[in-house]
Amino acid sequence: MGSFGGGFLLCCSETHPLPYMPTRPFRVNAGAVSSYILSSHDRTNYLSELRQGDTVIGVRVTGDTRLLVVGRAKIETRPLLLIKARSADGDTASVMLQNDWHVRVLGCAGAVHNITELKTNSIILGYTAASARPVGMAVDEFCLEQ
């Protein structure tokens with residue numbers, strides 16, 4: 001997911017144990033409804049557009065992808081935390097996620113990071129798109145998102 005159409009961060013489903021609830025591999029606390037999500041290899045959607053039956057891209061820490069079908073989308077009011085990242089090449093990505101310790105992003109070798117415990121220079125996984133996506137599809141033109 002990402003705040004802009006050119007950079008995405010790898011958010012984690014609830015597949016890692018928590019002390020107060022069972023794992024739920026089918027669930028992701030996605031974040032702000034204005035965030036982009038990859039809905040196919042060449043298209044993005046806003047989280048607010050997702051409906052039951054839509055497809056999104058699931059990504060493993062290895063970079064392998066597969067299509068997943070949305071079982072339901074729930075919108076709630078929650079406090080959000082802005083996560084900003086920069087690649088070794090200087091590309092940037094950001095996403096606003098629910099500000100709760102059980103919301104997680106993934107790092108190298110599948111390391112799980114609770115977003116409330118991220119620090120400057122934490123290493124997390126992301127993806128930089130080759131082209132901007134101002135209408136959900138990649139376009140070969142200038143596009144500045146701020």
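**Entry 1: H102**

I began with H102, which is buried at a relative accessible area of 9%; buried means under 20% relative accessible area, exposed over 50%, and partly exposed in between, with a 1.4 Å probe and protein chains only. I note here that the model is predicted: local features need pLDDT of at least 70, side-chain atom pairs count only at pLDDT 80 or more, and totals for chains, interfaces and linings use all residues. Residues are numbered from 1 along each chain as its sequence is written, and side-chain values use heavy atoms, with hydrogens and water left out.

I found H102 in the loop between β7 and β8 (104-106). Strands are DSSP runs of E with at least two residues, and helices are runs of H or I with at least four, numbered from the N terminus.

Which side chains have a polar contact with the side chain of H102? I listed N29 at 3.2 Å and D100 at 3.0 Å. A polar contact is a pair of N or O atoms within 3.5 Å; within protein, one must be able to donate a hydrogen and the other to accept it, and residues adjacent in sequence count only if both atoms are side-chain atoms.

I then looked up what H102 touches, leaving out residues up to four places away in sequence, and got E14, L18, Y20 and N29. Contact means heavy atoms within 4.5 Å.

**Entry 2: the cavity**

Rolling a probe the size of a water molecule over the atoms shows where empty space is left. On a 1 Å grid over the protein atoms alone, a cavity is a set of points where a 1.4 Å probe fits but cannot get out, and a pocket is an open set with protein on both sides within 12 Å along at least five of seven lines; lining residues have an atom within 4 Å of a point. Grid points are joined across faces, edges and corners, and a volume is the space filled by probe spheres set on the points.

I counted one cavity of 30 Å³ or more. The largest cavity has a volume of about 60 Å³. H102 is in its lining, and so are C11, C12, S13, E14, V28, N29, V103 and R104. I sorted this lining into four nonpolar, three polar and two charged residues. Here Ala, Val, Leu, Ile, Met, Phe, Trp, Tyr, Cys and Pro count as nonpolar, Asp, Glu, Lys and Arg as charged, and the others, Gly among them, as polar.

**Entry 3: salt bridges**

Side chains of opposite charge can pair when their charged atoms come close. I searched the whole structure and found four salt bridges, each a side-chain nitrogen of Lys or Arg within 4 Å of a carboxyl oxygen of Asp or Glu.

E14 pairs with R27, with the closest N and O atoms 3.1 Å apart. Both are in the loop between β1 and β2 (36-40), 13 residues apart. Is E14 buried or exposed? E14 is buried, at 5%, whereas R27 is partly exposed at 21%. A network of salt bridges links E14, R24 and R27.

E76 has a salt bridge with K74 at 3.3 Å and another with R78 at 3.2 Å. I noted E76 as partly exposed at 38%, K74 as partly exposed at 46% and R78 as partly exposed at 41%.

I put the volume of the second largest pocket at about 410 Å³. Among its 23 lining residues, L9, A85, R86, S87 and I124 are the closest to the centre. β6 gives the most to this lining, with four residues.
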